[in-house]
Amino acid sequence: MALVILIVLVFILSMNTGFTRLSPFDLLRTLFGGGTSKERLILFDFRLPRIVISVLIGAGLAVSGCVMQGISRNALADPGILGINAGAGLVVLLFIAFFPTTAAAPVFLLPVLAWAGAGLTAALIFSLSYKRHQGLSPTRLLLSGVAVAAGISSVTIVLMLRISPDKYQFAATWMAGSIWGTNWKFVLALLPFIVVLLPFVICKARTMNVLHLGEATATGLGARVPREQLTLLAAAVGLAGSCVAVSGGIGFVGLIAPHIARRLVGPSHQTLLPASALTGALLVIAADTLGRWILQPAEVPTGIVVAVIGAPYFLYLLSRTKGG
């Protein structure tokens, strides 16, 4: 409940954050159909779509990270660290590089392309990490993900050096984690993935609790481990890929949000998954609001702000873990 209240408060604050200030009275008047044409344009065409997208991206990335940590039993599993975000981003950048203009890119095609890139990357990483009689090794998973991510990043850099200057600027901003899809078309493109996959994963909470016990124990309890792992992985990849298509390279959300949620509600996935979604939404919307406020009229990419917020907390969490 506290997370919901915080999200609502930051949501209201974010509507009044930007180069053009809207007083609380102007904000209420515009929300209920009044206001000038300029105020309606700022609120309904620029700020509200971006705020809604921030909430959706935060929830999607956080749940994706929570699923990956659960099925791999690796506390460091995350779409960014494992290279899944990089795979999704590479396919999107390949499409943009060969498409005439970045502005004309089909909005509804980008999440599908990102999902395909994320899926191929995840398949490669998990095939390198899985052994038939041993299952997924958390160490192999992490090392394979880091290696694949490094390779994809190298290809991405080479690609960026060969594109036109205007597309290079767009790609550089995108890789920094700037929420560039800031209109209602991008909300509609992302929404089906979140609306379908988020409830599906939450419905699988009991299965994730069993999988977290280990492959041998889960098999003994009657779980179809490979099938359930593949299904949950596909859902996590779908969430991460669709979010990356709109947000660019925002890291740390899938890593930090589940850890914070676990400290708030415990390890049971029935409560951990919804709490992770809310924590991720709060983290991204707060980071986006700060990024628009710190250096007005310029903006700091949301991914950079998330890293600044998330890295110190994660270092603190690691120190506490070692101390225990």
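**Packing of H4 and H7**

What is the handedness of the crossing of H4 and H7? In this predicted model, H4 and H7 cross in a right-handed manner. Helix H4 covers residues 84-98 and helix H7 residues 165-175; the angle between them is about 165°, and their axes are 11 Å apart. Angles over 145 degrees count as roughly antiparallel, and H4 and H7 are therefore roughly antiparallel to each other.

On the H4 side, the residues in contact are Gly89, Leu93, Ile96 and Ala97, which meet Lys167, Phe170, Ala171, Trp174 and Met175 of H7. Sorted by class, this contact of H4 with H7 holds seven nonpolar residues, one polar and one charged.

**Packing of H3 and H13**

Helix H3 (residues 37-72) packs against helix H13 (residues 269-294) at an angle of about 140°, and the axes lie 7 Å apart. H3 is therefore oblique to H13. The crossing of H3 past H13 is right-handed.

H3 brings Arg47, Arg50, Ile51, Ser54, Val55, Gly58, Ala59, Ala62, Val63, Cys66, Val67 and Gly70 to the contact. From H13 come His269, Leu272, Leu273, Ser276, Ala277, Gly280, Ala281, Val284, Ile285, Asp288 and Arg292. The class count for H3 with H13 is 13 nonpolar, six polar and four charged residues.

**Nonpolar cores**

The largest nonpolar core contains 77 residues. Those with the most contacts inside this core are Ile57, Val63, Val67, Ile84, Val201, Val253 and Leu273. Helix H11 (residues 225-247) supplies the largest share of the core, twelve residues. Another core lies apart from it and has twelve residues, including Leu3, Met15, Leu48 and Ile51.

Leu273 belongs to the H13 side of the contact with H3 and is listed among the core residues with the most contacts. With neighbours within four places in sequence left aside, Leu273 is in contact with Val63, Cys66, Val67, Val201, Ile202, Ala205 and Met208. Val63, Cys66 and Val67 are among the H3 residues that make the contact with H13.

Thr302 is located in helix H14, which spans residues 302-323. Is Thr302 buried or exposed? Thr302 counts as buried because its relative accessibility is 1%, and buried means under 20%.

Not counting residues up to four places away in sequence, Thr302 touches Arg50, Gly177, Ser178, Ile179, Ile250, Val284, Ala287 and Asp288. Arg50 of H3, and Val284 and Asp288 of H13, also take part in the contact of those two helices.

Conventions. Residues numbered from 1 in each chain as written. Predicted model: local features only at pLDDT ≥ 70, side-chain atom pairs only at ≥ 80, totals over all residues. Heavy atoms only, no water. Axes fitted to C-alpha atoms, helices over the stretch in contact; angles between N-to-C directions. Helix = DSSP H or I, 4+ residues; strand = E, 2+ residues; numbered from the N terminus. Parallel < 35°, antiparallel > 145°, perpendicular 65-115°, else oblique. Left-handed = near helix turned anticlockwise from the far one by under 90°. Contact = heavy atoms within 4.5 Å. Nonpolar A, V, L, I, M, F, W, Y, C, P; charged D, E, K, R; others polar. Buried < 20%, exposed > 50% of the residue type's maximum accessible area, 1.4 Å probe, protein only. Core = buried A, V, L, I, M, F, W, Y, C linked by side-chain atoms within 4.5 Å.
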